[in-house]
Amino acid sequence: MDTKDSMLDMFIFETSTLLDQLDEIMIEAEKDKDFTTDNVNEIFRIMHTIKGSAGMMSFDCIATVAHKIEDLFFVIREDHSKLEGNDEVFDLVFKGSDFIKLQIEEIQNGNEPDGDSEQLVNELKECHAKLTGKAPAPKKEAAEKKIAEPALSKADDGLVSVRVFFEDGCLMENLRAFMLITSLKEYCEEIKYYPEDIETNSESSTEIVENGFLIKFKSFTTDKDVFDVIQSALNVKNFEVISEDKKEEEPKEEQKKEEKTVEVKKEPVKAKTPAEQANNTISQLKSGSVKQNLINVNLTKLDQLMEIVGEVVITESMVSASPDLEGLQLDDFNKSARQLRKLTSELRDLVMNLRMVPVSGVFNKMHRLVRDMSKDLGKDVELVIEGGDTELDKTIIDALSDPLMHLVRNSMDHGIETVEERAATGKPEKGTVILSAENTGGEVIITIRDDGKGMDPQKIMAKARENGLLTKDEQDYTEREILNFVMMAGFSTKEKVTEYSGRGVGMDVVKKNIEKVGGIINIESKVGEGTSFIIKIPLTLAIVMGMKIKVGDSVYTLPINSMKESFKADKGQLINDTNGTEMIMIRGECYPIIRLQNIYDVENAVTDLQEGILILVEADDKRACLFTDRLIGQQQVVVKSMPNYFSSYNLKDIGISGCTILGDGSISLVLDVPSILNAY
């Protein structure tokens, strides 16, 4: 990856992170109808960072919008009372955030961020004028005024004068000059420069382009150290050292005027470059003010690392279970093999932990969705987040973003009533949507719960009957099965199509996307009380603990988290129902028996239920017993996806989620318990 691509990736990552943080700050500030001092300073820093970073990347439309928002908060920071009665600031900042996010999406899609920001910029200018009580000065006047400002004095004995020129068309020259000055401060005990207000006045770029950036300095050590820093600075085209003779021959009118002096102490300087500010902001976002040693790693590299670790796990298994070792007494080898297994397990756990990220990243994005929908739908809704520190694999987190958005939108549009409707039923006017996550060991349970009007099973059944979705008598459907109709393609109980729902598109996609990452979704609802969507997700998809089971001449792998217990059946426990289905009675409960040999047409399998092993499995609140020949043993396995040429066979529908390589090099199919229970 070249330097430009690396800088682009960093820009996208840092800007997206800062925008997420901005949304969180704005949501809280809008609730309080005011900004705290910390909020104002943080928003100012965020916009300043985005402006500088976008300018360096030549993304003018992003830099312009960020600059105008920064101007607003510069005014608010100087005089907080000016914010009173100007609630439009909230909407304008959200508009600006949305605009920049759209441009980031364009960049990620390989396009130039060329969005039309003129209207938004004009609105920001008008708001700025209201805050300051006067219209902004035209650009031309500002530039002319700046050129007439004082330059450095020539009577600076002992100071070295340098004029720096930046690359043509690099843009944001004032910020580049500020970054250069910041870099030089640790090498100099005194620095003077012109233009002086490079940090706050973007119009100073005009003077820098026309006449260069003039610096006078006195170094701590040697002048060469300073020259080296200037030479290596980003976007510096060249520089010239101005001699005393040249200064006498070519005096400038501006140089006769007053100058700005910056005394540089040997203590660490607090000023930060935009990149440093971004890193500082991100660290504060993750851990408050606690300093952390963090590094950004491309997810592709983590995927490659996981694949390599998976191969190491497979190879370790192949070495330890090699047929060549059968019958041999190898105490030293067995001791080394156990140590190797311990180390590979630790390596596997470490790599999996590297990929784990908190669900709060996805959860917090829903604040903005709830805020916007509340205003559009005329509802008063609060989003409550619980268990945001629960961690999931990064790949699974990314796959959950869209399903969670659909479910929250569903709760907002279908579930939560209007303020008037809630008041009429005696409910609090403010509705509540709760997003919660809980780690139960082998999986994470994510719940989207609202206190709205709930789902009416009779209404859903009528709609299903109307759409011809019924496959059995109505009285045979359980309430859970009726509620699950809403997850079918084209199904919607919304009588009127709105911007957010009513087309019957979305809930079926939610279910498919969740199932793609090995999860399941259930619905619970009570009329008048609310609805809950419960998602069960595995912690990771890459390496799982599995039980190897023997069926005939085939070996299958059953995920441990689906197993409840295994046992041999007694004759007195076995019964048949009226349809002839084989059942077993366990502690007063009846469970159907599913013969894997029949599903997969396996030959030479044990047929006597009392001779084989029954495994009680559970998924999606359904239970059944799988009949196998015997259990081989527990082992960590690397789950591989099936080759592409199997994609047309819908193997998941018959209970196969992937495959793994066993210690002897043979292939074992990994069983998908939820699919087996649903199909059989």
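**A first tour of the model**

Let me start in a loop. Arg587 sits in the loop between β17 (582–586) and β18. Arg587 is not a glycine, yet its phi is positive, about 50°. Is this residue buried or exposed? Arg587 counts as exposed because its relative accessibility is 68%.

Asn604 is another case. Its place is the loop between α20 (596–599) and β19 (613–619). Asn604 is not a glycine either, and its phi is positive at about 60°. With a relative accessible area of 60%, Asn604 is exposed. For background, most residues other than glycine have a negative phi, and most peptide bonds are trans. That brings me to Pro195. A cis peptide bond joins Tyr194 and Pro195, with omega at about 0°. Pro195 is in the loop between β2 (188–194) and α8 (204–211).

Now, a word on confidence. This is a predicted model. The mean pLDDT of the chain is 79, and 84% of its residues reach 70 or more. Over residues 136–155 the pLDDT is below 50, and that stretch has 46 contacts in the model beyond near neighbours in sequence. Residues 244–292 also stay under 50, with 87 contacts beyond four places in sequence.

Next, the sheets. In what order do they come? The order is β15-β19-β20-β18-β17-β16, in an open sheet with mixed pairing. β15 (563–567) and β16 (574–576) are at the edges; each has a single partner strand, so one side of each is left without a neighbour in the sheet. On average, neighbouring strands here are turned by 35° against each other, direction ignored. Look inside this sheet at β18 (residues 589–595) and β20 (residues 622–628). They run parallel and are joined by 3 bridges. Ile594 stands opposite Leu626 in β20.

There is also an open sheet of 5 strands, again mixed, in the order β21-β13-β14-β23-β22. The twist averages 35° from one strand to the next. Strands β13 (residues 543–551) and β14 (residues 554–559) pair in the antiparallel sense over 6 bridges. Gly546 has Pro559 of β14 as its bridge partner. Helix α12 (residues 299–320) lies across β13, β21 and β22, and it runs at about 145° to β21.

On to the cores. The largest nonpolar core has 46 residues, and Leu392, Leu404, Ile446, Ile448 and Ile535 touch the most other members. Which helix gives the largest share of this core? Helix α15 (residues 394–415) does, with 7 residues. Take Ile446. Leaving out residues up to four places away in sequence, its contacts include Phe363, Leu392, Leu400, Leu404 and Ile535.

A second, separate core has 44 residues, among them Phe11, Met57, Val89 and Phe94. Val89 and Leu131 are 42 residues apart in sequence, but 9.8 Å apart in space, C-alpha to C-alpha. Leu131 is in helix α5 (residues 118–132). Leu131 counts as buried because its relative accessibility is 3%.

α3 (residues 60–78) has 19 residues and spans 27 Å from first C-alpha to last, close to the 27 Å expected at 1.5 Å a residue. Its buried residues include Cys61, Val65, His67, Glu70 and Phe73.

That is the tour. Questions are welcome.

Terms used:
Residues are numbered from 1 along each chain as its sequence is written. This is a predicted model: local features need pLDDT of at least 70, side-chain atom pairs count only at pLDDT 80 or more; totals for chains, interfaces and linings use all residues. Side-chain values use heavy atoms; hydrogens and water are left out. A nonpolar core is a set of buried Ala, Val, Leu, Ile, Met, Phe, Trp, Tyr and Cys residues joined through side-chain atoms within 4.5 Å. Buried means under 20% relative accessible area, exposed over 50%, partly exposed in between (1.4 Å probe, protein chains only). Helices (H or I, at least four residues) and strands (E, at least two) are DSSP runs, numbered from the N terminus. Contact means heavy atoms within 4.5 Å. The expected span of a helix is 1.5 Å times one less than its number of residues. pLDDT is the predictor's confidence in each residue, from 0 to 100. Two strands pair if DSSP finds at least two bridges between them. Axes are lines fitted to C-alpha atoms, for helices over the stretch in contact, and angles run from 0 to 180 degrees between N-to-C directions.
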